[in-house]
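Subject: A structure for you to look through

Hello,

Here is the structure I promised to pass on, together with its sequence. Please open it first and keep it in view while you read my notes below.

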Amino acid sequence: MEENVDEKRQLWLIRVEPYEGESISHFLGRFRREKGNKFSAASGLGEVAGLGAVLARWEKFYFNPFPTHQELEALATVVEVEADRLREMLPPLGVGMKHSPIRLCGACYAQSPCHKIEWQFKVTVGCDRHKLRLLSKCPVCEKPFPIPALWVEGQCPRCFTSFAEMAKYQKHY
């Protein structure tokens, strides 16, 4: 009977392909908003996956307790992405996370439109690929970035400056 329920759940969900280095927060937001999926909040997806409110915590980079393999498997069944691939969207064990501010490299975003999990590591100060300091707020209007799950258009929600355009405001390190 339970397998039948899982099969019915998957019939109406659209698969979303993860980006390289993408954070779980950004991925979950993209999955929820994908045309046909239409989850207005993490709690709805959490309910379908049998995980409850835990996904809302993951979207905010709260991983204490750390997601278990069983939780990742439950989510994998719904989003149709391997549990090991979902694990790559989380920090390595022992790496601390900055819950806020949300950080961004505009140059990286221009190349791959997603929030990278490594930007939220406590040890990360800049982008190693571009040798640029990460931004923690819009350089034009100074509004802090929302959690990546809420990044719909890839731009500042206040002044609409694109994340990719923000690269020109980043300082080298």
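Which residue just after H3 takes a positive phi? Gly 50 does, with a phi of about 75 degrees. Before going further, please keep in mind that this is a predicted model, and that what follows was computed from it.

**Helices H3 and H5**

Helix H3 runs over residues 42–49, and its buried residues include Ala 42, Leu 45, Gly 46, Val 48 and Ala 49. They cover an arc of only 160 degrees around the axis, so they sit on the same side of H3. In helix H5, which spans residues 69–79, the buried residues are Leu 72, Leu 75, Ala 76, Val 78 and Val 79. Viewed down the axis of H5, these fall within an arc of 165 degrees, which means that they line one face of the helix. After H5 comes Glu 80, and its phi is also positive, near 60 degrees.

How do H2 and H5 pack, and at what angle? Their axes are 12 Å apart and meet at an angle of about 35 degrees, and H2 passes H5 in a left-handed crossing. On the H2 side the contact is made by Ile 24, Phe 27, Leu 28 and Phe 31, while H5 brings Leu 75, Val 78 and Val 79.

Ser 23 lies in the loop between helix H1 (2–11) and helix H2 (24–33), and Ser 23 is buried, with a relative accessible area of 0%. Leaving aside its neighbours within four places in sequence, Ser 23 is in contact with Phe 61, Met 89, His 115, Lys 116, Ile 117 and Pro 148.

Tyr 109 is found in helix H7 and is buried as well, its relative accessible area being 10%. Tyr 109 and Glu 165 are 56 residues apart in sequence, yet their C-alpha atoms are 9.2 Å apart in space. Beyond residues up to four places away in sequence, Tyr 109 touches Leu 104, Cys 114, Trp 119, Trp 151, Gly 154, Phe 163 and Ala 164.

**The cysteines**

A disulfide is a covalent bond between the sulfur atoms of two cysteines. With a cut-off of 2.5 Å between the sulfur atoms, the count comes to 0 disulfides. Cys 105 is in no disulfide, and the nearest cysteine sulfur, that of Cys 127, is 3.7 Å away; Cys 105 is buried, at a relative accessible area of 0%. The sulfur of Cys 159 is 3.5 Å from the closest cysteine sulfur, in Cys 138, and this is too far for a bond. Cys 159 counts as partly exposed, at 27% relative accessibility.

Best wishes

How values were computed: Residues numbered from 1 in each chain as written. Predicted model: local features only at pLDDT ≥ 70, side-chain atom pairs only at ≥ 80, totals over all residues. Heavy atoms only, no water. Buried < 20%, exposed > 50% of the residue type's maximum accessible area, 1.4 Å probe, protein only. Helix = DSSP H or I, 4+ residues; strand = E, 2+ residues; numbered from the N terminus. Contact = heavy atoms within 4.5 Å. Arc of directions from axis to C-beta. Axes fitted to C-alpha atoms, helices over the stretch in contact; angles between N-to-C directions. Left-handed = near helix turned anticlockwise from the far one by under 90°.
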